[in-house]
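Please look over the sequence and the model shown below before reading on.

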Amino acid sequence: FTREADAEAFKARIALLGMQAAIQPATVQGRQYYRVIIGPMTNTTLVNEYKRRLNESGIETIISREKS
């Protein structure tokens with residue numbers, strides 16, 4: 001999101017699904033963005049369940065691995 005308020009609203013939408021999310025500010029090519037993040041998670045079954053529930057609610061998901 002380019003506006004923090006939009007990210008906050010999206011975070012609230014996820015909370016209504018019973019999931020906790022966080023907002024992660026990021027600067028990309030000099031522009032400020034606000035990512036809505038769920039995780040980190042180590043349980044693959046739970047990751048897949050969250051993804052299914054989000055997709056059923058019309059929320060597109062991207063799963064990424066943290067660099068170790």
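## A hairpin and its turn

Gln29 lies in the loop between strand 1 (22–28) and strand 2, where helices (H or I, at least four residues) and strands (E, at least two) are DSSP runs, numbered from the N terminus. The structure is a predicted model, in which local features need pLDDT of at least 70, side-chain atom pairs count only at pLDDT 80 or more, and totals for chains, interfaces and linings use all residues. Residues are numbered from 1 along each chain as its sequence is written, and side-chain values use heavy atoms, with hydrogens and water left out.

Strand 1 and strand 2 pair in the antiparallel sense over seven bridges; two strands pair if DSSP finds at least two bridges between them. Across this pairing, Thr27 stands opposite Gln32 in strand 2. The hairpin has two residues between its strands, and Gln29 there takes a positive phi near 50 degrees. Gln29 is also exposed, with a relative accessible area of 82%, where buried means under 20% relative accessible area, exposed over 50%, and partly exposed in between (1.4 Å probe, protein chains only).

## A cis peptide bond

Most residues other than glycine have a negative phi, and most peptide bonds are trans. The peptide bond from Gly39 to Pro40, however, is cis, with omega near 10 degrees, and Pro40 has its place in the loop between strand 2 and helix 2.

## The largest pocket

The largest pocket holds about 1,200 Å³ of space. On a 1 Å grid over the protein atoms alone, a pocket is an open set of points with protein on both sides within 12 Å along at least five of seven lines, and lining residues have an atom within 4 Å of a point. Grid points are joined across faces, edges and corners, and a volume is the space filled by probe spheres set on the points.

The lining is made of 29 residues, and Ile37, Ile38, Ile62, Ile63 and Ser64 lie nearest the centre of the pocket. Helix 1 (4–15), strand 2 (31–37) and helix 2 (44–56) each supply at least two lining residues, with helix 2 giving the largest share, six residues. By class, the lining has 16 nonpolar, eight polar and five charged residues, where Ala, Val, Leu, Ile, Met, Phe, Trp, Tyr, Cys and Pro count as nonpolar, Asp, Glu, Lys and Arg as charged, and the others, Gly among them, as polar.

## A residue of helix 2

Glu56 lies in helix 2 and, at 59% relative accessibility, counts as exposed. Glu56 and Ala7 are 49 residues apart in sequence and 20 Å apart in space, C-alpha to C-alpha.

Terms used. On a 1 Å grid over the protein atoms alone, a cavity is a set of points where a 1.4 Å probe fits but cannot get out, and a pocket is an open set with protein on both sides within 12 Å along at least five of seven lines; lining residues have an atom within 4 Å of a point.
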